[in-house]
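Please look at the sequence and the structure below. The paragraphs that follow go through a pair of packed helices and then the metal sites.

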Amino acid sequence: MKRIILVLVPVFLLFPIHAKDQKWAQRVEPAFWWTGMNQPEFQVLLYGVDISSCEISVNYKGIALSRKELTTNPNYVFLYLKVDKETLPGKFNITLKKKSKTQTVVYELKDRDTESSSRSSFTNADALYLLMPDRFANGNLKNDSVPGYHQGVHRNIPGARHGGDIEGIISKISYLADLGITTLWTTPLFDNNDSQYSYHHYACSDYYKIDPRLGKNEDYRRLSDSCHSKGVKLIIDVVPNHCGSSHWWLKDVPSTDWFNTWPTYTSSNYRMTAWTDPHASAADQYRLTHGWFAPNMPDLNLQNPLLFDYLRQVYVFWIELANIDGIRVDTYPYNDIRTAARFIQSIRSEYPNMNVVGECWVKTPAEIAYYQSGTKNKDGFDSRLTSVMDFCLKDVFSSAFNEKESWDGGMARFYSLYAQDFVYANQDLIMNFLDNHDIDRFSTVVKRDVNKYKMGLAMLLTARGYPQIYYGTEIMLDGIPGDYQGHRFDFPGGWAEDKRNAYTAKGRTNVENEVFNYLKTLLNYRKKNPVLQNGLMKQFIPENGIYVNFRYNQDKTIMIIANNNDQAKDVDLIRYCEMLSGKKAGTEITTLKTYTLNQPVSVSAKTVLILEVQ
Ligand SMILES: [Ca+2]
Ligand SMILES: [Ca+2]
């Protein structure tokens, strides 16, 4: 037997320690990347004092350092690494050298999931739920205050943080799935360390860090996994226009053209018409895009190619890491829209099936349609947004139920709006909503009138396109009109100390349960019946405050009768015979009451009947 002689070798000889080792790179972003991406080249930001004067090399089979980009600031280097198709996942060294000193950065290429690129997305079959994590549910009291971060939890101050977090959302996924929600859109989760109003997280201070008061980086993936286990998809909120004034870039700006800057603070003119107006001046477009959205939101110059690539990768990174299903884009027209289109396309190049819904807060269907991909715009512009938000329908919801019927008021508003659907490239991918975090809650719009409220829900859930529900809508959560903080009250029961838990039937008032059950029935009916997802639509000009439209496909016909009068009406059906021939009865989908169709249908005041006719 051969004797094994153990020779003890001092550890420092196995892993030589250079007395002259340096640490130039204080930040390396992204921390890792993947093999198998469709775009073979990726960018690595290295940040540290005078790092630009380092020699940098990479040694790994199948990876080439194709470019090293410098800026006006010597503390930044942007490496571009090209990954061959055959490159294997693994760890490798990025070596920085200056004179006789070196720094070794261990970098990793992870193995991309083979299904990642072909992932599916949300569609018109889905119902979205928008929530603000700080205001939904507090699942972890330990993260309410985190050292180094402004603000503790002050629930009595409307603009302060209230303590909601990712853990709280995870605890309510079953509740949402049961309600009939199939897609969740959270407002951003990234680090936001502004001293005030940080709770909305639209003013990012670190793109590669989930705000510790909301959770840890790995919690984003847990949230996604929890959603997927309950059949719920997850949408990421993409914000290309601005970061926050506490972003670490502000302490040492990467380059002179990183931000859109002015001699003194200059806001945007907020006039998005400057993009669609054929007579627009360059000055107005410049002010729209280069003016800041808010004083605490430094305006990003997406036309800087290094920033463009950096930000593109931020979102690819999180889609990949957290397994995200769809994108919502914030304040799209506040960017140079051609650059924004390129930006969206560059993300979608990694996920060709991914749907992207853009916030283009404009006032006419023609302008909304301009921003939907596929529209044949005269100027050739294609936004690359597959879906758009229907702010015009939102305006109809805000007016119709409070108005007396007239030629163009009341239900005629719905009729006139839908009559303009010819402008859309794809009316199936229009996102409909009663309200969101930036506008008056629908509960306040109708002054808490339950009948009007249910009319709104019925019209929303039967509209072409797909619905977005704002958290709390299911319990007619109150608000304060004209007040941002008043649109964002805490969900009652999301905090252990709350007097009641409106996440349960027991904790809801009778009225809340009536609204909740109504919406739940509508959502679950829509979920099971493609006719309300992608069926054709036919509408009839409103008469005497009665508006009738149909959704239909080969299997089903749904008749929607809205009575916006303050009195009950008997609706004669003869006028609708082109849709009703051969049909004998209709079952109202929420009450299950049956109506025979050979006689007028009686519709109570301020009521929408949704009849499945056969
Ligand atoms: Ca918390
Ligand atoms: Ca801008």
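Helix α7 passes helix α8 in a right-handed crossing, meaning that the near helix is turned clockwise from the far one by less than a right angle. The axes of α7 (residues 305-322) and α8 (residues 337-348) come within 10 Å and cross at roughly 35°. From α7, Phe308, Leu311, Arg312, Tyr315, Val316 and Ile319 take part in the contact, and from α8, Thr339, Arg342, Phe343, Ser346 and Ile347; contact means heavy atoms within 4.5 Å. Seven of these residues are nonpolar, two polar and two charged.

This is a predicted model, in which local features need pLDDT of at least 70 and side-chain atom pairs count only at pLDDT 80 or more, while totals for chains, interfaces and linings use all residues. Residues are numbered from 1 along each chain as its sequence is written, chains are lettered from A and ligands numbered from 1 in the order in which they are written, and side-chain values use heavy atoms, without hydrogens and water.

The calcium ion (ligand 2) is coordinated at 2.3 to 2.6 Å by Asn241 (OD1), Thr289 (O), Asp299 (OD), Asp299 (OD) and Tyr334 (O). Donors are N, O and S atoms within 2.8 Å of the metal (3.2 Å for Na, K and Ca), and because water is not among the atoms, sites may look incomplete. Asn241 lies in the loop between β13 (233-238) and α5 (273-276) and Tyr334 in the loop between β14 (326-329) and α8, so the pair ties together parts that are 93 residues apart in sequence. Asn241 is buried at 1% relative accessibility, and Tyr334 is buried at 7%; buried means under 20% relative accessible area (1.4 Å probe, protein chains only).

Key: Axes fitted to C-alpha atoms, helices over the stretch in contact; angles between N-to-C directions. Helix = DSSP H or I, 4+ residues; strand = E, 2+ residues; numbered from the N terminus. Nonpolar A, V, L, I, M, F, W, Y, C, P; charged D, E, K, R; others polar. Buried < 20%, exposed > 50% of the residue type's maximum accessible area, 1.4 Å probe, protein only.
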